[in-house]
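Reader: Hi, I'm new to this one. Can you walk me through it?
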Amino acid sequence: MASKEIVEAVKNAINEKNNKKRKFIQSVDLIINLKDVDLSRPENRIDEEIELPKGRGKDAKIAVFATGELALKAKEVTNKVIMPDEIKELAEDKKKAKSIAEEYDLFIAEASLMPLIGKSLGKILAPRGKMPKPVPPEINIGELVGKLKKSVKVRSKDKPFIHCMVGKENMSVEDIAENIEAVLHRVEGRLERGRMNIASAYVKTTMGFPVRVI
């Protein structure tokens, strides 16, 4: 269960004072500002997939690079399956490759395809933080996809802040707060001094005003 402080911050972030109603359902985002962390050292950077306990409000779109039986199973549970021939086509059609990189939230790849993906699409996927998660061909793809549909990517790169989605404004305050608690807990676990390495954290809707959480 989330703390009262986080619940209160979410309430303030989605009320009318800080969140003018729009003609679409806005995402709710968490911004974490780090301190005293040397992010010039790659081992100190944060790059995590975090499963949100209450989901994203809308499932993540997942694409899978696969062959054979894994591809067949993936077609039953994912939005898109990309076979080796299409990887080569995408390498020659950068516009289409960029479109796919933007459309899908997370990518999974049969491990044996990673060299081809890195060579063909690495320059498009890597800067967006969307290099695929490599998996063995015998993995339970349905179980993994189910988990990733509720997950968000959390990255710090070399800048001292993290920005990630923690839900939608039409979710309950308590559910959004619980998602925030889960992200903070995971990030703290990756920091040498835990919460002492967090300068501040804010919650806001896509076009709303930020409200301080920490």
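This is a predicted model: local features need pLDDT of at least 70, side-chain atom pairs count only at pLDDT 80 or more; totals for chains, interfaces and linings use all residues.

Reader: Good. Which side chain does threonine 205 join in a polar contact?
Author: The side chain of asparagine 19. The contact between the two is 2.7 Å.

Reader: And where is threonine 205 placed?
Author: In strand 9, which covers residues 198-205.

Reader: Is threonine 205 buried or exposed?
Author: Buried. Its relative accessibility is 0%, and under 20% counts as buried.

Reader: What else is threonine 205 in contact with?
Author: Leaving aside neighbours within four places in sequence, its contacts include Ala13, Ile14, Gln26, Ser27, Val28 and Glu169. Asn19 is on that list too.

Reader: Let's zoom out. What is the order of the strands in the open sheet?
Author: The order is 8-1-9-10. The sheet has four strands, and the pairing is antiparallel.

Reader: Which strands stand at the edges?
Author: Strand 8 (161-168) and strand 10 (211-212). Each has a single partner strand, so one side of each is left without a neighbour in the sheet.

Reader: How do strands pair in general?
Author: Strands of a sheet pair through backbone hydrogen bonds, either parallel or antiparallel.

Reader: How many bridges join strand 1 to strand 8?
Author: Seven, with the two strands running antiparallel. Strand 1 spans residues 27-34. Serine 27, for one, has lysine 168 of strand 8 as its bridge partner.

Reader: And how many join strand 1 to strand 9?
Author: Seven bridges there, again with an antiparallel run. Aspartate 29 has lysine 204 of strand 9 as its bridge partner.

Reader: How many residues of strand 1 are buried?
Author: Seven of its eight, so strand 1 is mostly covered.

Reader: What lies across strand 1, strand 9 and strand 10?
Author: Helix 1, residues 4-14. The helix runs at about 40 degrees to strand 9.

Reader: What is phi for aspartate 36?
Author: About 55 degrees, a positive value although the residue is not a glycine. Aspartate 36 lies in the loop between strand 1 and strand 2 (47-51). Its relative accessible area is 63%, so aspartate 36 is exposed.

Reader: And lysine 157, what is its phi near?
Author: Near 50 degrees, also positive in a residue other than glycine. Lysine 157 lies in the loop between strand 7 and strand 8.

Reader: How does lysine 157 count at 44% relative accessibility?
Author: As partly exposed.

Notes:
Residues are numbered from 1 along each chain as its sequence is written. Side-chain values use heavy atoms; hydrogens and water are left out. Buried means under 20% relative accessible area, exposed over 50%, partly exposed in between (1.4 Å probe, protein chains only). A polar contact is a pair of N or O atoms within 3.5 Å; within protein, one must be able to donate a hydrogen and the other to accept it, and residues adjacent in sequence count only if both atoms are side-chain atoms. Contact means heavy atoms within 4.5 Å. Two strands pair if DSSP finds at least two bridges between them. Axes are lines fitted to C-alpha atoms, for helices over the stretch in contact, and angles run from 0 to 180 degrees between N-to-C directions.
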